[in-house]
Amino acid sequence: MEVALALLFGATILLIVPFKYIAAFLIFDAFTRELTFRRQMVLRFMSLLKERWDMVPAAPVVVLPFEDDESDAPSQRKESSNDDVGKPEKQLKQ
């Protein structure tokens, strides 16, 4: 729900505000991020983002072993041998 609202909000902003103003704001922000009067605000914002990121639960990942089905392999080879796509012309003439 939060992602959908963020995308809707972003689309609304891009619809209303011209892109050149948004780009100018982002460039201004990037160049003034390390100034003394903004440093504390940027550090608080980054810590807020880190706290939000840490709240996202990690999904467990299970790696399954590779299974080779020998029963399906010959039938696939037969179908591909009938197909002449991708063969050189020399082999097609023979």
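Is K50 exposed or buried? At 53% relative accessibility, K50 counts as exposed (exposed is over 50% relative accessible area, buried under 20%, partly exposed in between, with a 1.4 Å probe and protein chains only). The model is predicted, so local features need pLDDT of at least 70 and side-chain atom pairs pLDDT 80 or more, while totals for chains, interfaces and linings use all residues. Residues are numbered from 1 along each chain as its sequence is written, and side-chain values use heavy atoms, without hydrogens or water.

**View 1. The K50 and D54 salt bridge.** The closest N and O atoms of K50 and D54 are 3.2 Å apart (a salt bridge is a side-chain nitrogen of Lys or Arg within 4 Å of a carboxyl oxygen of Asp or Glu). Because K50 and D54 are four residues apart in helix α3, about one helical turn separates them (helices are DSSP runs of H or I, at least four residues, and strands runs of E, at least two, numbered from the N terminus).

**View 2. The network of D29, R33 and R38.** Salt bridges with shared partners join these three residues. D29 pairs with R33 at 2.7 Å between the closest N and O atoms, and with R38 at 2.6 Å, N to O. D29, at 16% relative accessibility, counts as buried; R38 is buried too, whereas R33, at 36%, counts as partly exposed.

View 3. The chain over residues 6-31 is 92% helix and 0% strand, with end C-alpha atoms 25 Å apart.
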